[in-house]
Amino acid sequence: MKKIRSIYPEIISKENLYAAAYMAAKGRRYRDTTADFNFHLEEEIDRLHRELSQKSYCHGKYRLFTIYEPKERKIAAAPFRDRVVHHAVHDVIEPLIDRTFIYDSYACRKDKGTHKAVDRAQSFLRANKFCFHGDIKKYFPSINHGMLKEILRRKINDADLLWLLDEIINSALDITDDKDLPAGNVKGLPIGNLTSQFFANLYLSELDYFIKFYLRQRYYLRYMDDFLVFGNDKRKLFAIRGKIGDFLNNCLSLNLHEGKSQVYQTKHGINFLGFRIFRNHRRLTSNNTRRFRKRLKSFGYLSRTFPEDKALRDEIRDSVRCWVAHSKYANTKRLRLNIWSHLVEKKEVLGNSLKEILLDSERVGFSERERE
């Protein structure tokens, strides 16, 4: 790939900043900071354009909070004006750098995603007896700033753009424990930034090339820091596991999660992206089902408390419809029937209102032969 050059003016153009503000506001339009920015939209865009042109732009402070589902994680939310800048950068350079990614990288990419990754994993599983499932320990907090900047410089030859990318990366100093280390040794990207997802995907593209072209592994795919290598020789997979661990440690300053990075027989199925995948069928993992049941319980409480709130009912139905659409990529007809039956047994108001959604028999991604 030729290095990206002279693209900074396009990124900071007012047209691109307006488009970025629109994308950043999706789903957040009525929150205080978003509404305030959009109320003064022309003035705010003019100010951002001026600061970026003069390179006087400084990234704002993050708002930190913790989520506990599906596991405990610290989230860093950037101010809205900074999210506009993240979109402005990402939406221009992502399509250019995406061309350098291997086919079987599935996270945060157009026309890829979770379900495509699961389809591919099942096809690889059918062709192989064993699978090495790799997982990286504390991935986002472990991304090395110096190494990330070096990777970006191998792909971009635009001093102004590199200055802005460095400013975004360095903003993570607010949330890292490595503030006193030399700049090249600082680690950690904020979970929650659009640019963090992009940087994290780019960072592990180095691993993709190592596995595909140095180790010459045909049956390999990755979704962010969760990756699979399939083969028919168990000993070779254990050797590959060691080589991958050495590469991650020596070249990317990362470590495999010892407990989660194991070699399995594929006939017993593999857990990947919330699914338990077998040769001819899939199931949702118990964690996924448990979280949905817990959500339904809270929905039941809200329905009883606010029985006349139509907007709430629509929101609940939309949420359940999204889960059902996702669940249909597995064999879940019986599971959804059990969930609905439980609602009816408990005499939940939700039971009848969700029957049509939960018991929808249309399947996604499976042939008629594979229906339950």
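The legends below describe close-up views of a predicted model.

**View 1. The four-stranded open sheet, β6-β7-β4-β8.**
The 4 strands of this open sheet pair in the antiparallel sense. Strands β6 and β8 stand at the edges with a single partner strand each, so one side of each is left without a neighbour in the sheet. Neighbouring strands are turned against each other by 20 degrees on average, direction ignored. Strand β7 is joined to β4 by 6 bridges and to β6 by 4 bridges. Asp 226 of β7 is the bridge partner of Asp 135, and Asp 226 is also the bridge partner of Tyr 223. Helix α11 lies across β6 and β7 and runs at about 170 degrees to β6.

**View 2. The hairpin of β6 and β7.**
Strand β6 covers residues 220-223 and strand β7 residues 226-231, and the two run antiparallel. There are 2 residues between the strands of this hairpin, and Met 224 takes a positive phi near 55 degrees. Most residues other than glycine have a negative phi. Tyr 223 has Asp 226 as its bridge partner in β7.

**View 3. The three-stranded open sheet, β9-β10-β11, with helix α6.**
Here 3 strands form an open sheet with antiparallel pairing. The edge strands, β9 (270-272) and β11 (282-284), each pair on one side only. On average, neighbouring strands of this sheet are turned by 30 degrees against each other, direction ignored. Strand β10, residues 275-277, pairs with β11 over 3 bridges. Arg 276 has Arg 283 in β11 as its bridge partner. Helix α6, residues 114-126, packs on the sheet and touches β9, β10 and β11. The direction of α6 makes about 20 degrees with that of β10.

**View 4. Two residues with positive phi, Lys 138 and Ser 253.**
The cut-off for a buried residue is under 20% relative accessible area, and for an exposed one over 50%. Lys 138 lies in the loop between β4 (130-135) and α7 (139-142). Its phi is positive, about 45 degrees, although Lys 138 is not a glycine. Ser 253 lies in the loop between α12 (234-251) and β8 (262-265). Ser 253 is not a glycine either, and has a positive phi of about 55 degrees.

**View 5. The surroundings of Ser 253.**
Leaving aside residues up to four places away in sequence, Ser 253 touches Ser 142, Asn 144, Met 147, Lys 187 and Leu 248. With Lys 187 there is a polar contact between the two side chains, at 2.9 Å. Another of the residues touched, Asn 144, has a side-chain oxygen that reaches to within 2.9 Å of the backbone nitrogen of Gly 146, at the start of α8.

**View 6. The buried face of helix α8.**
Helix α8 spans residues 145-155, and its buried residues are His 145, Leu 148, Lys 149, Ile 151, Leu 152 and Lys 155. Seen down the axis of α8, these residues fall within an arc of 160 degrees, so they line one face of the helix. The elements that cover them include β1 (4-5), α5 (80-98), β5 (156-157), α9 (159-170), α10 (194-203) and α11 (205-214).

**View 7. Helix α15 and its two faces.**
Helix α15, residues 333-345, has 13 residues. From its first C-alpha to its last, α15 reaches 18 Å, close to the 18 Å expected at 1.5 Å a residue. Arg 336, Ile 339, Trp 340 and Leu 343 are buried in this helix. Viewed down the axis of α15, the buried residues fall within an arc of 95 degrees, so they line one face. They pack against α13 (286-305), α14 (310-327) and α16 (350-358). Arg 334 and Glu 345 are exposed, and are carried on the face of α15 turned away from its buried side.

Technical notes:
Residues are numbered from 1 along each chain as its sequence is written. This is a predicted model: local features need pLDDT of at least 70, side-chain atom pairs count only at pLDDT 80 or more; totals for chains, interfaces and linings use all residues. Side-chain values use heavy atoms; hydrogens and water are left out. Two strands pair if DSSP finds at least two bridges between them. Axes are lines fitted to C-alpha atoms, for helices over the stretch in contact, and angles run from 0 to 180 degrees between N-to-C directions. Contact means heavy atoms within 4.5 Å. The expected span of a helix is 1.5 Å times one less than its number of residues. Buried means under 20% relative accessible area, exposed over 50%, partly exposed in between (1.4 Å probe, protein chains only). The arc is that of the directions from the helix axis to the C-beta atoms. A polar contact is a pair of N or O atoms within 3.5 Å; within protein, one must be able to donate a hydrogen and the other to accept it, and residues adjacent in sequence count only if both atoms are side-chain atoms.
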